[in-house]
Amino acid sequence: MPEHHIKLPEGSIEKTTTTLNLGPTHPATHGVFQNILELDGERIVSAEQTIGYIHRAFEKIAERRPLYQITPLTDRLNYCSSPINNMGWHTTCEKLLKISTPKRVDYLRVIIMELARIADHLICNSIVGVDTGAYTGFLYLMQYRELIYEIWEEVCGSRLTTNIGRIGGFERNFNDIAFQKLEKFLEEYPQALREFENLFQRNRIFMERLQGTGTISAERALNYGFTGPNLRAAGVDYDVRVHSPYCSYEDFEFIIPVGTTGDNYDRWMVREQEMWQSLSIIKQAYRKVQDFKGAEADVYHADVPEYYLPPKEDVYTKMEALIWHFKIIMGEINMPVGEVYHSVEGGNGELGFYLISDGGRTPYRLHFRRPCFIYYQAFEELVKGSMLSDAIITLSSLNLIAGEMDS
Amino acid sequence: MALTNDYIKQRLIEKFGDQVGNFSEPYGMLTFEVPKDLNLKVLNFLYDDEELKFRFLTTLAGVHYPHSKGRELAVVYHLHNLVDNVRIRLKIFTDVNQPDVYTATGLFSAANWLERETYDFYGINFVGHPNLKRILNVDEMDYFPMRKEYPLEDQTRIDKDDEMFGRGGMLGFGTERTDHGQSTLAEADKPGTEGREIV
C-alpha cells in the first residue's frame, strides 16, 4: 500500500481513500465502460473495470445466421477499422470452405485493410493528443480519415460499418474514383502525418506526459495475452500478418516496429511507425494491382457460385443464377463439418474467429477473439500507483474499443 | 528443428499416456482432448517444457453439446508457441450438472476475463478463480444464455425452425431440459409459456 495522505482521527470509520467513478459515459473513456478507481490523493490504489454496457450477444446471434449474414456483426466489433474485421471473417469462411482467392482480390483486400489500419491508428494516436490537451492534431488528421471513408464508400457504399466484400472477393470491382481517391490519399497523407509527428513526437510536454507511464514488461504483456501494437510496444515482434500470413501478405516487404519499454510513448510510436509501414504496403499493393493486364485486371472475386451472389442481370434471366441467388439469400447451403481458427492482424491486435460447424447452415458455435477484451484486464496493473491523469492517457493509448470489448 | 504436430503428440503421449486422446488435425491445427481434472497438468507441461513452450493463451471458449450425456460442456483452449509459431487446440469436457474445471489464471493472466466470460455464458465453474463473476451480462441474470436450450428465435413461430438450418428438426430443447435437471433455469424464461401469437 502506498503511503496515505489523508490522516483520520483515531477510531474513525471513514476511508482514507476516495472512490471515483470514471465512466461509464465519461468523455475520457472514449466508449461506454466504467472504471471504479480508489484514489489516495491523486494516486490510484486500485481500479476495477466494469464492461458489457453495449453487449449485443453477437456470438449467440451468429448461431442462427448463415455465413454472409454474420459479416455485418463483425463490422460492429472494432468499428474504427471495420474492413479488417470483415476481411477476417471472409478469410475465415474461405478457410473453412477451402476457397482460394485470386491474387488481385488479395491485393485489393490488402489495400482496404491497410487503409483501415491507418484509420484506426490515426484515431488512436490523435486521441492520445486530445487527452494530453492538444486538439489540433486530431482535427488535422481527421480529414484524412474522411478521405479513407470516401474510398470505402466508393468500394462498398458505406463508411463506418462497411460490410465490405463477400466470401470469395468483393461485391463489385473498384471504380476509377476509388483509385483516384487512393492516389490522392497516398500523395497527401505522408505530408500530413509528418506534420502531425512534428507537433507531437519530440514535443517536450507530450513526451513528459507519455514516457514512463502505463508501462508493462514484455513478459507480463505476453502473459496477459496482449497482441498488436500494445504487445509490440513492449518489445515482442509478433504480427499475425508475418507469422500466419493471409491475403498474400507474404508478397509484401514491411517492417514490424517494436518498442522497448511498453509505455504510452512506445505504444504511440509503434502506431505511428505502423502507419508508415501501412502506407508502404498500400503503395506496393497498388503497384501490383496495376500490373494485372487483360482479363486478369478485371478479376474481383473467386469463382464460387455457392457463396458468391451471381450478377443481378443473370438472376433475372438465367435459371442457375436464380437458384444460386435464392439459395444464398435464404442461407440454404450446408457448411462442411469441421472446426477452424483463423486470425488476422486487427487494428488493435490479433482478431481471431473460432468457428465450429456441425454441417448445418449456420455455425454451431462462433467465438470471436477480441484483442482489447483480453488486454484491458491488464489495466489495473498498468495504472496502479500512478496518477489519475496518467491513467486517462493509458486508457486512450491502449486503444480500447467498447464495441469490440463487449462483442 | 521445427516443431511438428506429430512430435507434440508424441511428447504428450509419452507424458500422459492414454489420458490424452482424440487427436485430430482439423485445418492443420493439432487438436486433442484431456480429462478435465488434468487440464492444469497438461497446460503446465506444455508451458514449462523447453521444446514445446506453449506460453501464449490465444483464446479460451466454451461450447455446449446438449446431447452428449455427461460431457455437455466443453472448454476449448487455443495455445500458441510464439517462438516456433505453432498453434494447438486443447479441449476438456465436463458434465453440465457439475461443471467444475480448474482455473488457468495461475498460469495465464489472460485467462481471468476469458474464464469469467465462459462462466457468464455457459456456467462453467472455474475452481480457484480469483474473481469469478459475470462480466458482460447483468449481475442479476440467473441463467447462462449461450447454452443451447435458450433459442435465439421465438420458439412459438412455426414458419422458421431448425430444419431450415439443415439440422433435421428442432434440436429437441425444451423437451429434454428437465432431464438435465438444471435448477438454475428460471421457469419464466421457458420459451412458449407466454402464449405469444403465431406470426
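Reader: Why is B:L38 called partly exposed?

Author: B:L38 has 15 C-beta neighbours inside 10 Å. A residue is buried with 20 or more other C-beta atoms within 10 Å of its own, exposed with 12 or fewer, and partly exposed in between, the C-beta atoms being placed from the backbone. B:L38 therefore counts as partly exposed. This is a predicted model, in which local features need pLDDT of at least 70 and side-chain atom pairs count only at pLDDT 80 or more, while totals for chains, interfaces and linings use all residues. Residues are numbered from 1 along each chain as its sequence is written, and chains are lettered from A and ligands numbered from 1 in the order in which they are written.

Reader: Where is B:L38 found, and what does B:L38 touch?

Author: B:L38 sits in the loop between strand 2 (30–33) and helix 2 (39–48) of chain B; helices (H or I, at least four residues) and strands (E, at least two) are DSSP runs, numbered from the N terminus. Leaving out residues up to four places away in sequence, B:L38 touches B:F16 and B:Q19, contact being C-beta atoms, placed from the backbone, that lie within 7 Å.

Reader: What makes helix 3 of chain B mostly covered?

Author: Twelve of its twelve residues are buried, among them B:W113, B:E115 and B:D120. The buried residues of helix 3 of chain B pack against helix 14 (371–375) of chain A, and against strand 3, strand 4 (73–81) and strand 7 (125–127) of chain B.

Reader: Which parts of chain B touch chain A?

Author: In the contact between the chains, 30 residues of chain B meet 33 residues of chain A. Strand 3 (56–64) and helix 3 (111–122) of chain B each supply at least two residues of that side of chain B. Strand 3 of chain B gives the most, with six residues.

Reader: Which residues touch the most other members of the largest nonpolar core?

Author: A:I111, A:I112, A:L115 and A:M405 do, in a core of 148 residues. A nonpolar core is a set of buried Ala, Val, Leu, Ile, Met, Phe, Trp, Tyr and Cys residues joined through C-beta atoms within 7 Å. Helix 4 (residues 103–131) of chain A gives this core its largest share, 15 residues.

Terms used. Two residues are in contact if their C-beta atoms, placed from the backbone, lie within 7 Å.
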